[in-house]
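Here is a short tour to read alongside the model. Please keep the 3D view open as we go.

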Amino acid sequence: MSIREVKAFFAERGMEDRVMEFETSSATVELAAQTVGVIPARIAKTLSFMTSEGPLLVVAAGDAKVDNHKYKETFGCKAKMLTPQEAVELVGHAVGGVCPFAVKPGVKTCLDVSLQRFETVFPACGSDNSAIELSCEELYSLSGAVAWVDVCKGWNDPQEQA
């Protein structure tokens, strides 16, 4: 899986022209925000975890951090991130370009409520120099998300932002 597969995924939906590829890296929230020209919070970062049911992607706002207690309450297990090698093997995308599009079968995706404060957000598209601008509704539909979840902190509490 890669930018090629993600572009094909969007081409099937008549949206390939919305995929952006950059000359510079967008592998981190900060780099992506600089490259796209938005605040870091609008970058929709895709975090990959292993659960007892298999790989899980949680797409969250760029300024959100996983809250281990909320994660365990929601998913019934401790948050265990995939290694870079596991991300490629189990999800189909390399770290820096992990996204919820054109993933391997069996990968479950959830969206964190931290995204809902924005009209549009920018997830990666399978490479460390790509993105697409989507509304939250488009992201939910196109990612095949199974639920909106509340498993992050740091984005809605001014004290946590200090």
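Predicted model: local features only at pLDDT ≥ 70, side-chain atom pairs only at ≥ 80, totals over all residues.

Arg 42 sits in the loop between helix H2 (29-36) and E2, while Glu 133 sits in the loop between strand E7 (130-132) and strand E8 (134-135), so the pair ties together parts that are 91 residues apart in sequence. Glu 133 is partly exposed, at 34% relative accessibility.

Arg 117 pairs in a salt bridge with Asp 63, and here the closest N and O atoms are 2.4 Å apart. Because Arg 117 belongs to the loop between E5 and strand E6 (120-123) and Asp 63 to the loop between E3 and strand E4 (65-66), this pair ties together parts 54 residues apart in sequence. The whole structure has eight salt bridges, including one between Glu 12 and Arg 13.

## The nonpolar core

Now for the inside. The largest nonpolar core has 41 residues, and among those touching the most other members are Phe 10, Phe 49, Tyr 71 and Leu 139. Helix H1 (3-11), strand E2 (43-51) and helix H3 (68-75) are among the elements that each supply at least two residues of this core. The largest share, five residues, comes from E3.

Tyr 71 touches, among others, Phe 49, Leu 56, Cys 77 and Val 151.

## Cysteines

How many disulfides does the structure hold? It holds zero. For Cys 77, the nearest cysteine sulfur is that of Cys 110, 11 Å away. Cys 77 counts as buried, at 16% relative accessibility. Cys 110 is also in no disulfide, and it is buried with a relative accessible area of 2%.

Definitions and conventions:
Residues numbered from 1 in each chain as written. Heavy atoms only, no water. Disulfide = S-S within 2.5 Å. Buried < 20%, exposed > 50% of the residue type's maximum accessible area, 1.4 Å probe, protein only. Core = buried A, V, L, I, M, F, W, Y, C linked by side-chain atoms within 4.5 Å. Helix = DSSP H or I, 4+ residues; strand = E, 2+ residues; numbered from the N terminus. Contact = heavy atoms within 4.5 Å. Salt bridge = Lys/Arg side-chain N within 4 Å of Asp/Glu carboxyl O. Lists of a residue's contacts leave out its neighbours within four places in sequence.
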